[in-house]
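Welcome to this short briefing. Have the sequence and the 3D view ready, and take the topics one at a time.

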Amino acid sequence: MKTVKAKKKLGQHFLNDLNIAKKITETLQFETYTKVLEIGPGMGVLTQYLPHKTGKVYLIEIDRESIAYLKNKYPLLEPNIIEGDFLKFNLKSVFGDSPFVIIGNFPYNISTQIVFKALEHRNQIPFFSGMFQKEVAERICEAPGTKKYGILSVLTQLFYTATYEFTVPPEVFSPPPKVDSGVLTLKRKENYSLDCNEKLLFKIVKMSFQQRRKTLRNSLKTLQLPINLKEDSIFDMRPEKLSGDDFIRLTQKIEDGKISS
Ligand code: SAH
């Protein structure tokens, strides 16, 4: 079969190492889940290790040439092969309100957006496994107090336990990317509903990290907090020191402070 020509603008780096492909798919226990969505399957190096007969695997791929290749190579999957952009695709149109898990060796240029979209659909996504640029995978799994800890780490870890699984070198891809890659898994927490106003929390996290060297008092100025609330020592902190739970407490304080002011 004629192979797909790698297109740079689609972030195509095809994995050639079958052992690594298998190892990635083994991070996902398919038996436990009814539906699996693979994002960006390309020529299907991961797809071949996913269960084909039960109709539980769905593929979404933006590249028409890869789509033709996949339909030809995996005819059993044809009804579930979607040609489209994951970031724009309406997931409800396929999954309704049912749960599904995500797997993929992602296009690195949109990998953080893939995570943000998965977070938006967290009610339906109990598990997520994927290959990223190593830096990004590390950042997602990072603990508070470190340089790489940021918006993506806080927001992901509010809902998921993030585990950095293993590193993959550039040589096993064609063409090889300029960076190392890293595989991570996200397992949704048992209790993932937050005990605060979620919208406000997201806003506070984003505002805080936009100026990560500044204290919260400074970064959150435009929220016009009441003076007595601003005296609270939590506002002396910089965002990188705060865990997800700290951000929840901060959000609660801000909500309460506003109500009583
Ligand atoms: N999983 C394959 C390919 C990885 S390269 C492998 O491991 O070899 C990333 C893949 O994501 C490419 O096939 C690319 O066409 C696809 N892709 C890029 N942008 C996408 C998008 N917005 N939605 C879905 N797929 C996308």
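Which residues of H7 are buried? They are Leu 200, Leu 201, Phe 202, Ile 204, Val 205, Met 207, Ser 208 and Phe 209. Please keep in mind that this is a predicted model.

**Helix H7**

- Asn 197 caps the N-terminal end of H7. Look for a side-chain oxygen of Asn 197, which lies 3.1 Å from the backbone nitrogen of Lys 199.

**Salt bridges**

- The structure holds 14 salt bridges, and three of them are described here.
- Glu 198 pairs with Arg 122, and their closest N and O atoms are 2.4 Å apart. Glu 198 belongs to helix H7 (residues 198-210), while Arg 122 sits in the loop between helix H4 (111-120) and strand E6 (127-133), so this pair ties together parts that are 76 residues apart in sequence.
- Are these two partners buried or partly exposed? Glu 198 is partly exposed because its relative accessible area is 25%, whereas Arg 122 is buried, with 12%.
- Glu 138 and Lys 148 also meet through their side chains in a salt bridge, at 2.7 Å from N to O. Here Glu 138 is part of helix H5 (residues 134-141) and Lys 148 is in the loop between H5 and helix H6 (151-159), so the parts tied together are 10 residues apart in sequence. Lys 148 is partly exposed, at a relative accessible area of 30%.
- Another salt bridge joins the side chains of Glu 240 and Arg 212, at 2.9 Å from N to O. Glu 240 is in the loop between H9 and helix H10 (244-260), and Arg 212 is in the loop between H7 and H8, so the pair links parts that are 28 residues apart in sequence.
- Glu 240 is buried, with a relative accessible area of 13%, while Arg 212 counts as partly exposed at 23%.
- Some salt bridges share partners: Lys 134, Glu 135, Glu 138 and Lys 148 are joined in this way into one network.

**The ligand and its surroundings**

- Which residues come nearest to the ligand? Of the 20 residues around the ligand, they are Gln 12, Gly 40, Glu 61, Asp 85 and Asn 105.
- An N or O atom in the side chain of Gln 12 lies 2.9 Å from an oxygen atom of the ligand.
- Backbone atoms take part too: a polar backbone atom of Phe 86 is 3.0 Å from a ligand nitrogen, and a backbone N or O atom of Pro 41 is 3.5 Å from a ligand nitrogen.
- Taken alone, the ligand exposes 570 Å², and the protein buries 97% of that area.

- Gln 12 lies in the segment before strand E1 (14-15) and is buried, with a relative accessible area of 7%.
- Its side chain reaches the backbone nitrogen of Lys 7 at 2.7 Å. The side chains of Gln 12 and Asp 63 are joined by a polar contact of 2.9 Å.
- Leaving aside neighbours within four places in sequence, the contacts of Gln 12 include Val 4, Glu 61, Ser 66 and Pro 175.

**Gly 84**

- You can find Gly 84 in the loop between strand E4 (81-83) and helix H3 (92-95), where it counts as buried at 17% relative accessibility.
- Not counting residues up to four places away in sequence, Gly 84 touches Ile 60, Glu 61 and Ile 62.
- The C-alpha atoms of Gly 84 and Ile 67 are separated by 9.7 Å, and these residues are 17 apart along the chain.

**Backbone details**

- As background, most residues other than glycine have a negative phi, and most peptide bonds are trans.
- The peptide bond from Ser 174 to Pro 175 is cis, with omega near -10°. Pro 175 lies in the loop between strand E8 (173-174) and strand E9 (181-188).
- Gln 224 is not a glycine, yet its phi is positive, at about 50°. Gln 224 is in the loop between helix H8 (216-219) and helix H9 (227-230), and it counts as exposed at 67% relative accessibility.

Note on methods. Residues numbered from 1 in each chain as written. Predicted model: local features only at pLDDT ≥ 70, side-chain atom pairs only at ≥ 80, totals over all residues. Heavy atoms only, no water. Helix = DSSP H or I, 4+ residues; strand = E, 2+ residues; numbered from the N terminus. Buried < 20%, exposed > 50% of the residue type's maximum accessible area, 1.4 Å probe, protein only. Salt bridge = Lys/Arg side-chain N within 4 Å of Asp/Glu carboxyl O. Polar contact = N/O pair within 3.5 Å; in protein donor to acceptor, adjacent residues only side chain to side chain. Near = heavy atom within 4 Å. Areas by Shrake-Rupley, 256 points an atom, 1.4 Å probe, with all protein chains shown as cover. Contact = heavy atoms within 4.5 Å.
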